[in-house]
Each structure stands twice: as structure tokens, then as C-alpha cells.
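Colleague: I would like to learn how to read packing features from a model. Please take them one by one, with the general idea before the case.

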Amino acid sequence: MLSTFLAVVRRDLMLAFRQRMDVMNTLVFFVVVVTIVPLGVGADPNLLRAIAPGVVWVAALLAAVLSLQRLFASDYQDGTLEQMLLAGEPLAVIVLGKVVAHWLVTGIPVTVISILLALMFDIDADAAMTLCLSLAAGTPVLSFLGAVGASLTLSLRGAGVLISLLVLPLYIPVLILGAGAAEAVASGLDGTPYLLLLAALSLLAMVLTPWAIAAALRISVE
Amino acid sequence: MAVDVTGINWYKYSAPRTFYPLAGRLIPWFAGLALVFCLIGLYIGFFLAPTEARQGEAYRIIFIHVPAAWMSMFIYVVMAIWAALGLAFNTRLSSMMASALAPTGAIMTFIALWTGALWGRPTWGTYWVWDARLTSELILLFLYFGFLALEAAIEDSRRADRACAVLALVGVVNVPIIYFSVKWWNTLHQGATVSLESAPRMATTMFAGMGVLALGFWMYCIAAALHRVRSIILERERRADWVREAA
């Protein structure tokens, strides 16, 4: 089972590496969304400092939603997904591998680049570090819950908008905890409880959603 | 055999063909009861219940607002249960019940939000506050919209049933998490402007009026869901012989 998991992760990472622009697009989108906010609300440093964690997290949510559509779509189109469904290995394990690979190529880059964005918004070092950690702990939930939406809407017309409609309300707890962590640190409180809760949500999603994703894929493909 | 002590074969009514006429016979009863309960409840609410000391007459919107809010949450759970039954036992009628409940649940959520806004204006001086209950009720409306949108997007009705069932189950697991996170967010961000927790104690007549109206809303929701499920049965089974004969 572990070898299946690793094989799927390796395959998806290799595919992502061969099509680097797809990964870059998500990241650039993330940076663009964060950049246009000060242009909309004004460049008052105090205001920007106050809203920075929320803005970064909202942008991370949108970037995740945007990247979800291709999670299963290309495998579905070239028939790979059908082979995965027919394979003797448990589908939940294959799905776990795919989602982990998705997180590695979307969640991790977003987490790393968020340090730069935090500097642009001039938040202090502790809060910036917490923001970065909160993204590291919370973005797995975005990939896992998002994959449920992606598998349910596979091959449907207008799947992109539909995924956002299904998934964004479910992302709300992650957004609240993620933005709350950095805000708590910025106002002199302890951010650890938020990070622990985010990690707990990630583990919960990692345990429960692969079954839902596997069921949804079987429904969508049959 | 599937016959229990009441002598009724319950499995008989899990087939759309037999359920269709049963639902038709039940609808007038539920609709009639809904009308009676709502009229009695509104009479109690508007004529018998005393004027509230702090809010004046404006509080009377509670008689619509609270039953609608109860139904909005309750229907989501019932919908998820029907959807899960449909997914687990592959019974068509269960999934049809889930689809029939979704629009009623959405409209109840909408009524709760709308009456809440109208109530908020005279009491809090604003149509909307980012209160935990209001915000999570709005998110519940989005969850209903997601369910309806997914159902509308999938043409094959069996696939739509099962995809919506997975979505409803994921949603129902998430609803408590969403509620508590929004509540936490709210206590962190909101200054002490409005406190819904410290509501004044209700007079018995007010409570009676609300209870009777809640019963009326129950009956309405059952009648509306049964009516809608009949339409869904006809639409899905339109190629079946019994529908052609009935038509």
C-alpha cells in the first residue's frame, strides 16, 4: 500500500514538474490577488497590517479552488483514472497519493511565498512566521476538501464555478483559524492553539476525505 | 416477510409507484394542519401575546423567524439522512425525498435570514450584524445552494442523486465545525454591541405561539416536500407504464 502511495505521489510530482507553468500559474494568481487588494483599499500601512493575514488566506483559498479542476480532469480525459479505479489497490490510497502530490505543488509554494507577501504588508516577524506556519498546517485541508468537490464535479459543464460554490463554504473554518493565528500573534497573544487546531483539521481531513473522494470518483466515472 | 405488528407492509411504500398515490392522499391532511396551526399560532402571536417590554411590537417577528430557523437546520439533517439511505441501500425514493427537501430547506433558510434582517433593523439599528448565528445561517444557505447547483449540473439523475448524497454527508459533518469556528471568530472580532444570549425570558403565551407556529411550519414543510416528490416521481418515471396510464 505504501509503495502504491509513493508511486502515485512520484508520478503526479513528475507530471507537475514536466508542466511547470501549471504550478506557476496558481502561484502567480495567488500573488496577483494579494497585490490588488492594497490597490483597492488604499495603502494605509496600519490598515494593511491589520488585514494582511485575512487577505493572504482568502487568496490562498481562491488559489486552491482554481488549481482543483485539473486534479482529476487530465487523468479522466486520458483514461488513467479508469485504470486507477480498476486497479487492485485500494482507491482511497491512490486518492491519498494524488491529493498529497497536489498539496506539495500548490500548498507548499503558497506557504513559502507568503513570507515575501507578509513583508510587503509590513507585519512583524513573529506574525509573519505564524502566518507561514498556519498556511503550512492549513493548506492540506484545502487540498483534501477541495478534492471532494473536484471529484463530484468531474466532467461536468462549468465545473470550475461549481467547485468554488461547493467548496468555499466548507473552507470557512480553515480561513477563520488560519487568519486568526497571525492576527492573535500580531495583537500579542499566543498563536499556538490556532496552529494545533489547523493541524487537527488537516489530520481529520486526511483520514476521512479519501473515502468520500473515492466514492465520488466511482459515482462520476462509472 | 417484511410485515410488522401493525400489519402494514412498510416496504411496499418504498416503491415510487405505490408511494405516489399515498403521498397524494397525505398532502391535503398535512396542508390542512399547516393552515390550522399557522392561523392559531399567528392569532396567539399577534393578538394574545403581550407587547414585549424592551422591543415593543417589533419582537413579534420572532413567531416567524424562529420556526423558520429551526426548520432550516433540521431539514438539512433530514435531507442528509435521506441522501445517505439512498446511497447505502440504493433506494430511489430516498434520494428523491432528499431532492424534494432541498428547495424547502433553502427557502426556510432564506426566510430566517430575511425576517432576521427586518427584526434587526428596529432592535439593533442595522439589517445585518456579523453575529455567529446570522453568519452560520448564511453559510447554511450557501450549502443548500451548492446541493441544488450540483443536482442541476448533472444530467443523469442517478449520478446526481449519489453525488449530492456524498456532498450532503460531507456538509453535515462540516456544519458543526463551521458553526463553532464562526462562533469563535465572532467572539474574537465583535465588540460588545449585541448579545443574543441574554434574551429576556419569554412569557408563556409567546412560547405557546411560537410552538404552534413551529408545528405549522413542520406540517407545511412535509406537505411541500411530498408535493415536490410527487412531481419528481412523475418526471423520473415518465417512461413507466403506470405513469402513462395515470396520465
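**Reading the packing**

Modeller: Start with the interface: 20 residues of chain A are in contact with 23 residues of chain B. Two residues are in contact if their C-beta atoms, placed from the backbone, lie within 7 Å. This is a predicted model, in which local features need pLDDT of at least 70 and side-chain atom pairs count only at pLDDT 80 or more, while totals for chains, interfaces and linings use all residues. Residues are numbered from 1 along each chain as its sequence is written, and chains are lettered from A and ligands numbered from 1 in the order in which they are written.

Colleague: What is in the largest nonpolar core?

Modeller: In soluble globular proteins, nonpolar side chains tend to be buried together. A residue is buried if 20 or more other C-beta atoms lie within 10 Å of its own, exposed if 12 or fewer, and partly exposed in between, with C-beta atoms placed from the backbone. A nonpolar core is a set of buried Ala, Val, Leu, Ile, Met, Phe, Trp, Tyr and Cys residues joined through C-beta atoms within 7 Å. The largest one has 143 residues, and A:Ala60, A:Ala216, B:Met79, B:Ala98, B:Val166 and B:Leu167 touch the most other members. The element that gives the most to this core is α8(A), with 18 residues.

Colleague: Which residues is B:Val166 in contact with, leaving aside its neighbours within four places in sequence?

Modeller: B:Val166 is in contact with A:Leu152, A:Ala212, A:Ala215, A:Ala216 and A:Ile219, with those neighbours left aside.

Colleague: How many helices and strands are there in chain B?

Modeller: Chain B has seven helices and zero strands. Of its 247 residues, 36% count as buried. Among contacts in chain B between residues at least 6 apart in sequence, 78% join residues at least 24 apart.

Colleague: At what angle do the axes of α2(B) and α3(B) cross?

Modeller: Axes are lines fitted to C-alpha atoms, for helices over the stretch in contact, and angles run from 0 to 180 degrees between N-to-C directions. The axes of α2 (residues 62-89) and α3 (residues 92-124) of chain B come within 7 Å and cross at roughly 160 degrees. That makes α2(B) roughly antiparallel to α3(B); angles under 35 degrees count as roughly parallel, over 145 as roughly antiparallel, 65 to 115 as roughly perpendicular and the rest as oblique. The residues of this contact divide into 19 nonpolar, 10 polar and no charged.

Colleague: What lies in the loop between α2 and α3 of chain B?

Modeller: B:Asn90 lies in that loop. B:Asn90 has a positive phi of about 60 degrees although it is not a glycine. B:Asn90 is exposed, with 12 other C-beta atoms within 10 Å.

Colleague: How do α3(B) and α6(B) pack?

Modeller: Helix α6 of chain B covers residues 204-236, and α3(B) packs with it at an angle of about 130 degrees, with their axes 8 Å apart. The two helices, α3(B) and α6(B), are therefore oblique to each other. Their contact divides into 11 nonpolar, two polar and one charged residues.

Key:
Helix = DSSP H or I, 4+ residues; strand = E, 2+ residues; numbered from the N terminus. Nonpolar A, V, L, I, M, F, W, Y, C, P; charged D, E, K, R; others polar.
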